[in-house]
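Please look over the sequence and the model shown here before reading the notes on confidence, packing and charged pairs.

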Amino acid sequence: MCPRSTRLTKGSTVTQRTPQPTADLVDEYGDRLRVCDTQFRQFGGRRAFCGPVRTVSCHEDNGLVRELLRTPGDGAVLVVDGGGSLHTALTGDLIAASAVENGWAGLIINGAVRDSAALAELPLGVKALGTNPRKSSKAGRGAVDVPVGFGGVTFFPGDVLHADDDGVVLLPLD
């Protein structure tokens, strides 16, 4: 089971994680649960996933996303704030395959993805706004492990996130 009520620090590892239904978490935590209002589409082969949050803030540049997903994920979920841009894709099949190889649980992308048919075959949670076959730049502009906000919530590195077909939620902190 995912840790329930503490913010994990960078480098913390939890060996076993079981996503909890987001509707059940809303029933359990009520208004203390942070619920993202963004209506994401499902793209990954894993429809329910959870883990501690890592973040990237970028705009039409996936260099930092690519580099971070090449490092050990330890079951984390990468939350990418691409500013809601659908002009270029912030991940595709090769970057997502790297995430799988390195033990990431999932990706939440406030932007677009590409290679959607291939993403559906990967054992990775992937939620994004939509698709675009256009590649993004690779300059590495942006920031890693900074608070990012969209959908009425702020995602902090170390927050515990659960995602499924009903949405994306962040557990309350102790």
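## Confidence in the model

This is a predicted model, and the protein averages a pLDDT of 92, with 90% of the residues scoring at least 70. Over residues 3-16, however, the pLDDT is below 50, although this stretch has 34 contacts in the model beyond near neighbours in sequence. Where pLDDT is low, the predicted coordinates should not be read in detail.

## Nonpolar cores

The largest nonpolar core consists of 23 residues, and those with the most contacts inside it are Val 56, Val 65, Leu 69, Leu 78, Val 80, Trp 104 and Leu 124. Two or more residues each come from α2 (63-69), β4 (77-81), α3 (93-101), β6 (106-113) and β7 (125-131), and α2 gives the most, with four residues.

Trp 104, leaving aside its neighbours within four places in sequence, is in contact with a set of residues that includes Leu 68, Leu 69, Pro 72, Leu 78, Ala 99 and Leu 124, and also Arg 54. A second, separate core has 16 residues, among them Cys 36, Val 53, Ala 105 and Leu 170.

## Thr 55 in strand β3

Thr 55 belongs to strand β3, which covers residues 49-57, and it counts as buried because its relative accessibility is 0%, where the cut-off for buried is under 20%. A polar atom of the Thr 55 side chain lies 2.6 Å from the backbone oxygen of Val 146. Not counting residues up to four places away in sequence, Thr 55 also touches Leu 68, Leu 78 and Phe 155, and its contacts include Ala 143, Val 144, Asp 145 and Val 148.

## Salt bridges

Seven salt bridges are found in a search of the whole structure. In one of them, the side chains of Arg 54 and Asp 145 meet with an N to O distance of 2.8 Å, a pair that links distant parts of the chain, since Arg 54 lies in strand β3 and Asp 145 in the loop between β8 (143-144) and β9 (148-150), 91 residues apart. Arg 54 counts as buried at 15% relative accessibility, whereas Asp 145 is partly exposed, with a relative accessible area of 22%.

Arg 70 and Glu 67 also meet through their side chains in a salt bridge, at 3.2 Å from N to O; Arg 70 is partly exposed at 48%, and Glu 67 is partly exposed at 38%. Asp 115 forms a salt bridge with Arg 114, with the closest N and O atoms 3.5 Å apart. Salt bridges that share partners also join Arg 66, Glu 67 and Arg 70 into one network.

Conventions
Residues numbered from 1 in each chain as written. Predicted model: local features only at pLDDT ≥ 70, side-chain atom pairs only at ≥ 80, totals over all residues. Heavy atoms only, no water. Core = buried A, V, L, I, M, F, W, Y, C linked by side-chain atoms within 4.5 Å. Buried < 20%, exposed > 50% of the residue type's maximum accessible area, 1.4 Å probe, protein only. Contact = heavy atoms within 4.5 Å. Polar contact = N/O pair within 3.5 Å; in protein donor to acceptor, adjacent residues only side chain to side chain. pLDDT = per-residue confidence, 0-100. Salt bridge = Lys/Arg side-chain N within 4 Å of Asp/Glu carboxyl O.
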